[in-house]
Amino acid sequence: MTFRAVQGRPRTTSFDRALRAEVRDPLWLLTRQWQLGEFRGTDGGSPVTATYSVATSGPSRFRPGSGAAQALPADRPLEAVAERRALPFAFGPDPGSFDLRLAIGRRWLKFLGPQMGLKQLRKTYIDKYPIALPDPGADADTSRTADPEVWSTLQAVAGRRMDGYALYRHIKVENGKASDGISASGPARQQLDALGVRLVAWFDDLFDQPSGNGTWDATRLEHRFSVAAAPAGTEKVLTAQEYPGGHLDWHAFSIDPGAPLGGTTPPPPPINRTVFPAPVRYSGMPLSRWWAIEDGRTNFAGVQPDSTDLARLVFLEFALVYSNDWYQLPCDLPAGVLASIRGLAVTDVFGQRQWISPAGAGQDEDWQRWSMFTLDTIGTADVAADMSMFLSPTVLKVADGAPLEEVALIRDENANMVWGVEKTVPLPTGESRRGSEVVAQILAHRQRLAPAPAPDAPRAPIAYRAMSVVPENWVPFVAVHVPSSERAIRLQRAAMPSVIDGRPVRPHTSLLREGIDAGNPYFINEEEVTPTGTTLTLAYNRTRWSNGRVSVWLSAQRGLGRGEGSSGLVFDTLIDTAR
């Protein structure tokens, strides 16, 4: 049996004249209306009223990655809770963030000023929690003495200012008191302890930091977290599996059928309203009748799509054929809720009442199902599609600070490896600088401390070099096998030897120092570094929530790279010594 497709053959490739509404004579206009089907009667009436019921519930539980569930704060946006990470006050044994250390110390000394009998303790606290002066002749203090600006800053504050973070850590982490080790009377000690609690509360309110583990998945280079709400009395878990950072909205979440978080607050009463539908209108929309004259702001006849340009063809079909068949209903919902439409009934001009079902209803895995602003379900189980709509408790605009850290993960096909290029690294003072400049200053300072001996005179016209030199802000990642797999690989952080003493060069950014202080290896999934590369940035963010509260937090964000690169790393080369 043979099947043949029946297709129309237009007489011309231009439809400009067919889309025009030329004014000629009344008979021509009536014929034009008959041609377009305006005289064809239907039994469908226009909607007059619509009654709906919407169940809403704000998310009240939060779980970072695979951590423990906790209450979701309602006094700050979800971005601050989902992206926040601990402030880096130290890089291994080296202290850092001296700008924050001095800010906390200055705040504490201000607390002591107005208190009667406590002002004389300012010098005592400066001596107890001092800013240590690094030794420019010690290799261990190279990170704080190699840069002239950092070295001069520490010289200016050492012995004159207080390390406030040391006091904050003593109270917050070590469960100590502000009066520990201070010679004072009983009432004065009580005042100091009360001020210590006030200092911790002030800094915790100034910066949003996670109480436990953060949401950043260093292996996948993205944030992973879950929130839970109960719009219809039954808890629903929404999980963000691949949130790279930046703008957080509904499309970052999926329905998680796994274990519930528990502890969700009861939902409020459903919203029941009767409204009047209004036709959808947009700028330049073709008028539904031929008797009116359009303003000509939008010329759809000027759009000339190709036969393979499906997006433009679908847009033109909607604009010219189906645009006047859509109606909109007003539905005011509070920000930050998970909404589920319980029912929608429409009454038309003939008095008929019809129950409207969701257009995207069906099985979640049905490839022919299409919907927008709805959430998919994690997994491949044959379950019904979830028609909830999530108005995430987020803000429209977040002010991003200058990058404190910036790392470019690039592929080096010549060396057959991946490099983490530290383009921007933090200084101990809390500022940031170009990574190549910082490592050059550190290398020059270490060379002054331990000058290399003069090389021997060449004994042959050529010399053998085992490996070339790579800048110390280039961190190598080598491919290793995934356990229990013979083909899958992942990227493991390695280290290049220093040109000074051959010791492994440590990363200068917290993004690449993952697990290094605990002596743990660091792996990145191989698919996360695309051929175009991946960019990681660490910066402060600031925004204002609906209650007027200002939120400041430190977050990591992943972006696209700019292609491959070459480190110039080569092995087993011969060098001409005669030059």
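Predicted model: local features only at pLDDT ≥ 70, side-chain atom pairs only at ≥ 80, totals over all residues.

Q: What volume does the second largest pocket have, and which classes of residue line it?

A: The volume is about 900 Å³. The lining has 15 nonpolar, nine charged and eight polar residues.

Q: How is a pair of aromatic rings described?

A: Such a pair is described by the distance of the centres and the angle of the planes. In this model the count comes to 17 aromatic pairs. Take F89 and F203: their ring centres are 6.3 Å apart and their planes stand at 55 degrees, so the pair is tilted.

Q: Where in the chain do F89 and F203 lie?

A: F89 is in the loop between α2 (78–83) and β4 (90–91), while F203 is in helix α8 (residues 186–206). The two are 114 residues apart, and the pair links distant parts of the chain.

Q: Are F89 and F203 buried or exposed?

A: Buried means under 20% relative accessible area. F89 has 5% relative accessibility, so F89 counts as buried. F203 is also buried, with a relative accessible area of 1%.

Q: What are the distance and angle for F207 and Y540?

A: The ring centres of F207 and Y540 are 5.9 Å apart and the planes are at 55 degrees, so this pair is tilted. F207 lies in the loop between α8 and β6 (216–217) and Y540 in strand β24 (residues 534–544), so the pair ties together parts that are 333 residues apart in sequence. F207 counts as buried at 11% relative accessibility, whereas Y540 is partly exposed at 24%.

Q: Which residues form one aromatic cluster with these rings?

A: The cluster consists of F89, Y165, Y168, W202, F203, F207 and Y540. Both pairs discussed above therefore belong to it.

Q: Which charged side chains lie over the face of a ring?

A: Two cases can be given. R490 lies over the face of F523, 3.7 Å from the ring centre. K128 lies over the face of Y129, at 5.4 Å from the ring centre.

Q: Which residues other than glycine have a positive phi?

A: Among them are S97, with phi near 55 degrees, and L221, with phi of about 60 degrees. S97 is in the loop between β5 and α3 (98–112) and is buried, with a relative accessible area of 10%. L221 is in the loop between β6 and β7 (222–229) and counts as buried at 0% relative accessibility.

Q: Where is G519, and is it buried or exposed?

A: G519 is in the loop between β22 (489–493) and β23 (523–525). At 62% relative accessibility, G519 counts as exposed. From C-alpha to C-alpha, G519 and A86 are 19 Å apart in space, and they are 433 residues apart in sequence.

Q: Where is confidence lowest and where is it highest in the protein chain?

A: The mean pLDDT of the chain is 87, and 94% of its residues reach 70 or more. Confidence is lowest in helix α1 (residues 26–35), at a mean of 78, and highest in β24, at 96.

Note on methods. Residues numbered from 1 in each chain as written. Heavy atoms only, no water. 1 Å grid on protein atoms, 1.4 Å probe; cavity = no way out; pocket = protein on both sides within 12 Å on 5 of 7 lines; lining within 4 Å. Points joined across faces, edges and corners; volume = space filled by probe spheres on them. Nonpolar A, V, L, I, M, F, W, Y, C, P; charged D, E, K, R; others polar. Phe/Tyr/Trp six-rings, centres within 6.5 Å; stacked < 30°, edge-to-face > 60°. Helix = DSSP H or I, 4+ residues; strand = E, 2+ residues; numbered from the N terminus. Buried < 20%, exposed > 50% of the residue type's maximum accessible area, 1.4 Å probe, protein only. Lys NZ or Arg CZ within 6 Å of the ring centre and 35° of its normal. pLDDT = per-residue confidence, 0-100.
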